[in-house]
Amino acid sequence: MSDTPQHQASGQESPLPEALRITSPSPLVDIGANLTHDSFERDLEATLARAADANVTTLVVTGADLEGATRAARLATQFPSLHATAGLHPHHASEWCPELEQAMRELHRQKSVVAVGECGLDFHRNFSSPADQERALEAQLALAAESGLPLFLHERDAGRRMREILGEWRDRLSDAVVHCFTGDRETLHGYLDLDLHIGQTGWLSDERRGHHLREFVADIPAERLMVETDCPYLLPRNLPAKIKGRRHEPALLPWIVRELAHWRGESEAELAHQTTLTAKRFFRLNEDAGK
Ligand SMILES: [Zn+2]
């Protein structure tokens, strides 16, 4: 088929039509890629090759439960462009127990693991009770304080409680990013006042629920902003072409950067350059040091 040529690196058919093969003018770091998701099992190497073609050169693979974090850490030892986080997502918070805590602590000692998380609060769906979510979050804040690693935080409809808890812990933590920030202006400024970093996905392209972000996304100082796909979730809703299977992937990060740059009133190249500097500093990614 003419619109889905074979990908050179893999021999597999690329799911990305020509209009979605966008190359960033400057190398990018995708700070939130769920590459242990089943949907990537079949074509992970081809996915990474497409990311490299798009100039997405470094990826942080999200580890959101013990199995996922273990797999993320393993992938990060196999592929030089990958790093991993290790934590328990608030959806799974009721699973937190001393054995899990010890297993996470051991993962945090691995060189390929660069952050504690994904952890946090999600009162949108409450798959675990708020009390269990707070207990698991505080235990992971303690692990971050102990290891000195930065935090990869998830928050949905829980901004007030998150700010209260982080306010109590802030002095003991190194750095923290609220990934996929989707809250309001007041919550954003509350996080910035706590000296936190902010992750942005393609959410602001979502006409149903994300357009409010466009009004204040420029409030985030450049040195506190990082970008992410959160793939395979959150496929941007305003892409210029359709993707077979509707799976989001790291090669589409340049599109998110382009959108974000537009609403921040800055150039795509400058935003790409600055978010990469910030991400490398935040996750302490020194390319010469190895893993
Ligand atoms: Zn999340």
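At which residues does UniProt place the feature "binding site" that includes His154? The unreviewed UniProt entry places it at His154 and His179, with positions given in the numbering used here, feature names shortened, and annotations that may be inferred rather than shown by experiment. Although these residues are spread over 26 residues of sequence, they cluster in space, with a largest C-alpha distance of 5.8 Å.

Before going on, note that this is a predicted model, in which local features need pLDDT of at least 70 and side-chain atom pairs count only at pLDDT 80 or more, while totals for chains, interfaces and linings use all residues. Residues are numbered from 1 along each chain as its sequence is written.

Select His154 now, which lies in strand E5 (residues 151-156); helices (H or I, at least four residues) and strands (E, at least two) are DSSP runs numbered from the N terminus. His154 counts as buried, with 25 C-beta neighbours inside 10 Å, where buried means that 20 or more other C-beta atoms lie within 10 Å of a residue's own, exposed means 12 or fewer, and partly exposed lies in between, with C-beta atoms placed from the backbone. Not counting residues up to four places away in sequence, His154 touches several residues, among them His89, Glu118 and His179, and two residues are in contact if their C-beta atoms, placed from the backbone, lie within 7 Å.

Next, select His179 in strand E6 (residues 176-179), which is also buried, with 27 C-beta neighbours inside 10 Å. Leaving aside neighbours within four places in sequence, the contacts of His179 include Ile31, Gly32, His154 and Glu228.

Then select Glu118 and Asp230, where the unreviewed UniProt entry also places the feature "binding site". They span 113 residues in sequence, yet no two of their C-alpha atoms are more than 11.5 Å apart, so they gather at one spot. Glu118 lies in strand E4 (residues 113-122) and is buried, with 28 other C-beta atoms within 10 Å. Leaving aside neighbours within four places in sequence, Glu118 is in contact with residues including Thr62, His89 and His154.

Asp230, by contrast, is found in the loop between strand E8 (225-227) and helix H7 (253-264), and Asp230 is buried, with 23 other C-beta atoms within 10 Å. Not counting residues up to four places away in sequence, Asp230 touches Gly32, Asn34, Cys180 and Thr201.
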